[in-house]
Each structure stands twice: as C-alpha cells, then as structure tokens.
Amino acid sequence: MKTNEVQQNLKLGLFTTLGIVIFLLGVYFVGSQNSVFSKTFSAYAIFKNVEGLNKGDGVWLSGVKIGIVKDVRIFQDGKVIVHLSLKDKQNEFIKKNATATIGSDGLVGNKIVVIRPGDVKQILQDNDTINSSSPTDTQELFDIAKDVGENTRSLTEDLKLLVAKMNKGEGAVGEMLNDDGVISKDIRFAVAKLKETTIQTSQASAQLNSMMNKLNNGEGLINRLATDTTLVTVFNETFDNVKAVSRNAASMSRNLEEVVQKLNNKENAVGLILTDTAFADKLKVTVDNAKSASIKLDENLEAMRHNFLFRRYFKKKAKETAN
Amino acid sequence: MAELPVSMKKILLQAADVAKFVGKTLSYFVKPPFEVKEILKQCFAVGYRSLFLIGFTSFIAGVVFTRQSRPSLASFGAESWLPSLVSQAVVRALGPLITALICAGKLGSNISAELGSMRVSEQIDAMEVSGVRPFSYLVSSRVIATTVMLPILVIYADLIALFGSYVTVNSINGSSLSLFINEALGSITYLDIFSSIIKAILFGYAIGVIGCYTGYYATGGTMGVGKAANSAVVTSMLSIFIIELIVLQFVTFLRQG
C-alpha cells in the first residue's frame, strides 16, 4: 500500500470515527436530557382537559424539570390519563397528596405538567396516580369574555345616551357643562369667590409667616414680653395700680349709691326738690322772681355807677383792678 | 403501447432505465466482491475533502440563522428560546439540507463529469471488454461513498452550525456553553436525530445515483459531459427537496402518532 494511500485512509478513519463519536455523544446528551439513560418511575394523572399537552412535554416540580410526559390517552367519560415518567431520585420530594396541573412553559410556550409536592409523610410510589386539577377550559374563558363584551356594549350604549343628554344641556351635569346655565354661572361665581378667598388666605398666611419670622428673629412686643425681665416690674406696678383704682372705683360706687339713696329720700333738701313736684314748682317761681329781681338790681347798680355820688368810688375800683 | 406518443415512450423508457440503474446499485451494496480500495478512495474524496466547505458554510448558516431569528424572539421576550429554536432548525432541516445541496453541487457535478468523460472517451467500454466490472468499480463505489459519507458530514455540519450559533448567542448575551448545550439539546428528540440521519442517507444515495446515472449514460462528446454534469446538479437538488418533503411528512406522522 502506498504511503499516500495510507495517509488518506488514516485521515478518512479519523474523520469517520470523530463523526461517529460526535453522533454518539449527541445521542447520549439528548437521551440524558429526556431521561432515557437514568432510572425512572411512572406516575399517572387524570385530567378533564389537557389543553394540548403532548407526548414528550416536560414535567416540572417547583420549577425544576423532573421528567417527561410519556403518554397521553383518552379513557372513560372523555377524561384524559397522562403517563408521567419521572426521575427516580425525585420521588422522595413528591408526596402522596401531591397535585398535578397543566401549565405553560412561558407565555406562549409548550404545555407542561406542574406538580405541587404535597405535605404528607408518605412519598409517591411507582405507578401511583397523582391528584390533579384541570385547567380552566378555553371555552369557559371565551364564555366569560363574551359576557364581559356584552356588559361593555350595554355600558357604552348607556354612556352614549348620557353623553347625548349632556351635549343637549339636559340634567344637572348638562346644565353645568352649558356656559349659559344657572349652575354653570353659580359654579363660576363660587370659583371666583374661592379665588378671592384663596388670595386673602394667602395674604393672611404671608402676614402670619412674617409675624412668625419676627417672632423667631426676636422682634416685636410678644418676644420682648418673653425675654425682657425689666418689663415684669413695670407690669407688676401697673397691675397694683389697676388694683388700687378698682378698689377706689368700688368705694366710689358705694358712696354714689348712698348719695342716690339720699337723693331719693324726701327728708333732705335735694331729695325734696327731686321728688316733690309741688315744691319744685314753687321753687321754680321763686327762682324766676329772683332772676327778675337780679335784673332789676343790675339796672339799679348801673344807674348808681352814673350817679355823681358813687362815680368816684367806681373809678378808684377800676384803677386798683388795672394795677 | 404503440399508440403512446413518442415523447411519452421516451420518458417511460428512461424511467425504466433509471429504475434498473437504481436496483442495480442497491444490489451491488450487498453483492460481493466489493471494491474496497475504490470505496475508501471515494469516501476520502466525498467526505474528508468536503469537510472544510461544509464546515465553513454550516458555521455561517448557524451565525446567520441565530442573528436573523433573534429579533423576532426578542420582540416578545423569548430570547432564551434561541438555542432550542436554532438546534431544532439545524438538526431537523438546515444541517441536512445545506450539506446535501453543497454536496449536490460539488460531488454531483464531479461524479457526473468524471464518469461522463470516461464514457465519451470509451474508457468504460474498454473496462467492460477487459473484464473489469465498471459498474461495481465506478458506480457502486461512488454511490456507497456518498451514501455513507453524507450522514457523517451532516453530523459535522450540525455540530459546527450549533457552534456558530453559540458564538453568536455568547457574543450577544454572554450565556455559558453549558446553558446553551442544555437548552439546545433539551429540545431535540431521538426522532429529530434519526430522521436527520435517514434523510442524509437518502440525500447521499440520491446524489450518488443521479451523478453516476447522468455521467454513466452521457452521450454527445465533451458537450454531453457538460450537459450531464449540469443535469446531475439540477436533478440532485430537485430530488433533495422532494426527499425532504416526503421525509417531513413521514416524520410528522410519527410525531403525531
């Protein structure tokens, strides 16, 4: 055999062997992924509806793939029995009261069987049947969606009527939306007033703020009252004075009361004047007479001033007054 | 039979020739003596010498397919499905198809031209006269080589395409090799692998038989050789797609069953 031919055959042998090794490795890895080479045990679950679960789909326990669906078969009453092939080491985690449900691998992924482990002590045995809960039927979901759709249609019709009424300015809301409506005007007026009030409140708040700032900065009377100790003495004196004035006022009011009591009494002169009307009339006539007499006396005195007998006396008096 | 049009008669006669040729090649698969040296020589030419071309195109196919598929999956947040999508596409269809199409172009034309030139230069006739079995030596050895080597080339093609995909996914997401392998191989079943290998065997056989048939019966001098090579490539490629469709139907039936 030529050397060249031998080399060719060696290369061919290497190429072929390597190809076969890669193939076998691929087969092994795929097999191990599908639990072909590992020891498995079987479990069954009966569902009302498997929602398109297929042979070969995954079986998950707590989010970990622990096996595959080996078979899906319809049996009595249209129920579906699913044969699960589970990795042998995982059965200790699956209890007798475990439940199987149909789930989905992602939002749009394949269907999977999801097992909830259960909480009793007894573990699942080979060929046991797991409790199952069937997923909500798609038809049921469609029915619910249909009901929701009908309700929505009814609601939109009502809303349409409502909006039409509002557009026409009917009802309280319609009138409110109408620019010329009474409610609308009232609301505008109320809003304007509210605006005014807000401005005033804002101003008051600003003043209050300013006052508080002054107070915080140690300005103003209140702060002085709080901090200046000399004012305490002044205040004490003032309060003492006020007290004394109050006492005097009380004494005065008592005296005044006595005076008033005496005035009301006819036994003294003033009381007689105030209470006896006949006496008062007589007194008035007397006063009138006295006034008349006084006028006449003034005239006499004036006449005496011009008399030569008394003229010298009056001049001397005037001179003394001037000095 | 005499009432049939001439063209129809021609087609039927050619179909009968093809059937005979196919039957003969199949019988030579199991009928000794085998031309072992020639078979090994052809295997080397078909398999080893095609590896670089197949590997290079497969790597590019893996990279391109991954890059093209990623935006669609990313748009609904399913980027993590990329390895499983690529692996299924590569193992089920891309790997065998790319390998077969390249082999149809490279080997089909080569085999047809080689045998055609031997035929028009009357070398095959001379072999028959000298007692050498030209069918076993020339045809059977080439058909066996393509039939055996194509599945191996498909295995390499699948591996290299997946490697190209991993390089792309890793450069984008930085995902680890073990995660990629788990994701990629987790979605492949034995049915995928074996249907792919069976497809590759059928592709290899078709490429070998068509190349050999067109070359073995080439006529019309050097122009006839060119026509034979061209016919071999076109017919091989067409037959590859027809085989792909038939196998797909069969595998789908098995998958549903």
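Biologist: Taking two strands as paired if DSSP finds at least two bridges between them, what is the bridge partner of A:Val59 in β3(A)?

Modeller: It is A:Gly67, and 4 bridges join the antiparallel strands β2 (residues 58-61) and β3 (residues 64-74) of chain A; strands (E, at least two residues) and helices (H or I, at least four) are DSSP runs numbered from the N terminus. This is a predicted model, where local features need pLDDT of at least 70 and side-chain atom pairs count only at 80 or more, while totals for chains, interfaces and linings use all residues. Residues are numbered from 1 along each chain as its sequence is written, with chains lettered from A and ligands numbered from 1 in the order in which they are written.

Biologist: And which residue takes a positive phi in that hairpin?

Modeller: A:Ser62 does, near 50 degrees, with 2 residues between the strands.

Biologist: Switching topic, how do α1 of chain A and α2 of chain B pack?

Modeller: Helix α1(A) (residues 3-33) and helix α2(B) (residues 36-46) pack at about 60 degrees with axes 10 Å apart, the axes being lines fitted to C-alpha atoms over the stretch in contact and the angles running from 0 to 180 degrees between N-to-C directions.

Biologist: Which residues meet there?

Modeller: A:Gln8, A:Asn9, A:Lys11 and A:Leu12 meet B:Leu40, B:Cys43 and B:Phe44, where contact means that C-beta atoms, placed from the backbone, lie within 7 Å.

Biologist: How many residues does the contact take from each chain?

Modeller: The contact takes 19 from chain B and 18 from chain A, and α6(B) gives the largest share of the chain B side, 4 residues.

Key:
Two residues are in contact if their C-beta atoms, placed from the backbone, lie within 7 Å. Two strands pair if DSSP finds at least two bridges between them.
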